[in-house]
Each structure stands twice: as C-alpha cells, then as structure tokens.
Amino acid sequence: MHAPAPVEIQVQGQDGPQRLLRVVESPFVVGRADTAALASPADTMLSRLHCALEFLDNRWTVRDLGSKNGTSVNGQPLTQAHPLSPGDTITAGHLVITFQPQQSRQATVRSPLEFVDEPHAEAPASSTVIFRLDPAKLSPVALPSSPQTPDLTTRRIDALVKAGKELAGFRPLGELFEVILELSLQAVDAKRGVLMTIENGQLLARAHRGEGFRVSKAVRDKVINESSSLLVRDASLDALLQSSATIVQQRIRSLMAVPLQTDTQVTGLLYVDATDFVRSFDANDLSLLTVLANIAAIRIEHSRLLEVEQAEKFMARELEQAAEIQRGLLPRQTPEIPGLQLAGRSAPCRSVGGDYFDFFPLADGRLAFLVADVAGKGLSAALLMSNLQARVQALMEVESDIARLVTRLNHSLKANTPDNKFITGFFAILDPRTGSMTYTNAGHNPPVLVRRNGKAELLTAGGPVLGILPNIPYLGGQTILAPGESLVLYSDGVSEAPNSAGEEFGEDAIAQIALACHDRSAQETMLEIGRQLRAFLGDRQPVDDVTLLIVRRLPTA
C-alpha cells in the first residue's frame, strides 16, 4: 500500500475567507462532527460524517459517506468513489473544496525572489554578522561597530528622519510597501532589494527592485525563525554561502536580510544585496536597515488594522442597508383573509439571510403562500433570495397552477444560480371558502398539517430542490384544510438548530408543539414554537436563518 501523496485543498466556507489546508492522511473526513479532519459544526447542510478524501490505487479520490444532502464533484452528484484531478471542485453542504496537488499550485507561484537549498557550514565565518533587535528598545544586541565618517553619520540620520516623515501619514498598503523598500535602499545605498510579508504561512513579494533574486533557505530561516538580522560582508568568503553556485553566478558581493518584526512576531523579510566591489555593507548598515524594518513592520501592521477597521465599518453600513432592503422584501404584515388566521416571521442569523416567505391574495379569492430557503447564509444567499422573490412575484401574476409555476420557476432559476447553490421551497394555493389546497414541495422540510382528530400529516409531494436540474417537471399535491386545522411551515434553521450537545431541535418536536397548539391561534402557535426553540438552544444563538409561517383555518360557528 502506497503512502498518501500530500496534497493541498482550498476550502471556501459559508461566506467566510478561503483557507488552504494540507492533506497528508487518508481518509480525510469532512463533516460536522468534531472528530472530522475538516470539521464545520455550524454548517447544518453537512452530515456529521459527510464525505472523505481517500488515497486509493496511488491517487486521491472522494467518496460520499451516506450524507443526508449528498456530495457533488464539479456540479455532478457523487454516487461512488470519484478519482480527483487538479482543479476538481467538491461541494459538501456549504463547503466548496478545490483539489490542488502541491506541484500544480506551486507551479503557478511567481516571485522575483526564490529560496534555494544551498550547502553551508555549521557556523558563520568572520565575514558574517548576525544579531537580534530588541523591539522594545529599537537597539541591536551585541552589534560589532564600524567606523563612521561625519558624512555617513549625517546620511543615516537623514534616512531615519525621512523615513519618519514618509511613514507618518496614511498610505494604502500597496503604496506603503513600495515606499518602505525605496527608503531602505536609499538608506544603505543599495540598488537591489525585495520586501516580503508572511501571508497564510507563505512569504509573498510585495515590492522589489531588480529581478532574479536567489537566496539560501538558511538565510531565510535565520531571519524568520530566529528573528535575526544577517549581514554577509563578502559572500565569496562566508561560511553560510561559500558553496553557493547562485551567489557566484549573480556576482553578489555583499547582502543583508532583516526581519519585519513587531513587538510580538515576525511578519516578513527585507533583503538587499550589492553586486559591485566598490563598497560592501557594514554593521552600521545592518543596524540602520534593521531599525528601518522594525519601524516599517509596525507601520504596516497599523495600516493593516486601519484598513480592516475601515473595511469593517464600510461592510457594516452596507449590511445594514442590505438588511433594510431585505426586510422590505418580506411581508410587513399578514393579509386579512376571511376564514383564515395567518402568522409569519423570518429572523436571519446574520445581518441578512437566505430565507423567504410570502403571501399572495389572488383575484379569485384564493391565497398563495410559500416558504423558501436559499442554501448558505449572508450576502450571497440574500442576493439569491431577492432574485427568487422577484421571479415568484412575476410568475404569480401569470400562472395559477402551482405545479406549473414551480416548474417554470425552477427553469428560470437554474440559469442564474451558481453550481454550489440551490433553493428549497414549499408553495401552495388555498381556497379559504372550501379549504381545498394544492401544493408543491421542492425539496423543502415537509410542513406539518395538524388535523382535527389530533394527528399530523407531512406534505411531501413535489420534486427536487430548485436551481439544479433545469427541465424537470414538478408534481402537485392536493389536500383539504378543514375548519379548525392548521398548517405549520418552517425552514431547516428551526428543525436542524443544534444545542450545545450537538442535538437537533428536530421535525418531531415541531409536529408535537403544533399538535399541542391545535386549538390556539396562528400567532400563538408561532410564538410557542419560537419559545421552545429558544429554550432548547439555551445560551447558543441560531446558526441558520429561522423562518416560521402558520396558516390556520378558523372553526365554523
């Protein structure tokens, strides 16, 4: 049996940032359970053990583990183990996982600086100066001194003063990197250099002068891992680099590498080198470059935090406006329909959400109503929800048969729904005079119909979720809502809401509460389900949008 070939996967969660994970063990299980290698306990579309990446027959495959909502690869439902190729996209719950073999991803990375393995001695020779900076004092520890001329001293003081002025104001990060590198090169009279920052565990070049930098990994590790500044006065004599073919080829005379270091961590690296023999760098150059790099690191961190703060404020304003718009898409009040009691409420778990409910009084006296749930949460789900609302309203004006309406709705949604998104929904038309009701369930949690005899029925007739298969016909179901009977519609944010023990509220609990409230008003039934859901959750907040809609036919006198 072959050992698994390490690979990397790019993971996009529910409207969160992308993550890059390294997979080295088989099987690599994805699910809601804490024991899963990739655990996403808040993703209610995931099963506890949903799918697994496995190394079989010398290649990686993906297999569904009998999940409730299924797994797809490149938009196709997974029915058996599927061999993975570079770029394949796996959708499990709200997770989108892109398969990236390491060699494939690395081949796309381009940088002016390359770190290479070079033979080196165990200890530096006398031509190498290594020291650490005390960030609290901005002073080097045990730094050998070099003679300084008055002109050189003045130039270095001027460099620090100029750096202070240039870095005092606010600059965008992209511009700030360029300014820092230019100041550093001027300060030590260098022509070539590169500034790199650590992003997601990788060093990325943010500004550079010159091309073709090839630096020993020993130098990189000394700077990054040990927070050390390093000066090589004469690369041809230095013990760390004397066997380096790249140093000889590039005719490097002298080089310096220093950490971008805040009070708590190393956030990057600043490298400069000289290719002429007129002058090599000395210890005072190293001291100056190290202090500049430290000041720069603090300034970069401050700019990052400021940009994050500004982005968060902007996003908060945008989300509040989006939430206000979305609230306007939902019914502000229930319509007054003779013979019926109606109640509805939707609460997003974030500022905006993907749940939707609505009522449509028809010209012939009947009432159309629905509950729908867009897969996912946040802005992406809210945008799809608004698209759904507009299409439903347009179709309600021209189509009175509920099954045909949902069939047409699904066909139009497929053209505008991303492959990793879908919509569930329950759609119905009720005649309040006779109680006759036609409905279509599009992959949604089956509503509970509470009968006068104390029994509950689940309404399941219809078809699959919306936005996946474009040309499938949906079936219609028929039933009678007799006087005194109620229909309870809900989203999976209610039935699948987990408490602190990982237990779900459950469809049975909704049915039992609905039965216990059979002689109560629609509003009271909705409030009671909400009250018991809050008690079940305890201190936990809902992890998904919560929507309830109650339709009750009033008893006859």
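Helix α7 passes helix α8 in a right-handed crossing, meaning that the near helix is turned clockwise from the far one by less than a right angle. The model is predicted: local features need pLDDT of at least 70, side-chain atom pairs count only at pLDDT 80 or more, and totals for chains, interfaces and linings use all residues. Residues are numbered from 1 along each chain as its sequence is written, and side-chain values use heavy atoms, without hydrogens and water.

Helices (H or I, at least four residues) and strands (E, at least two) are DSSP runs, numbered from the N terminus. Helix α7, residues 378–396, packs against α8, residues 402–414, at about 140°, with the axes 10 Å apart. Axes are lines fitted to C-alpha atoms, for helices over the stretch in contact, and angles run from 0 to 180 degrees between N-to-C directions. The angle therefore makes α7 oblique to α8; under 35 degrees counts as roughly parallel, over 145 as roughly antiparallel, 65 to 115 as roughly perpendicular, and the rest as oblique.

Contact means heavy atoms within 4.5 Å. On α7, the contact residues include L388 and R391, and on α8 they include L405 and R408.

Now the second pair. Helix α3 (173–188) and helix α6 (283–329) pack at about 170°, their axes 10 Å apart. That makes α3 roughly antiparallel to α6. Among the residues that meet are F177 of α3 and L292 of α6.

Finally, the sheet. Five strands form an open sheet in the order β4-β3-β5-β6-β9, with mixed pairing; two strands pair if DSSP finds at least two bridges between them. Strands β4 and β9 stand at the edges, each with a single partner, so one side of each lacks a neighbour in the sheet.
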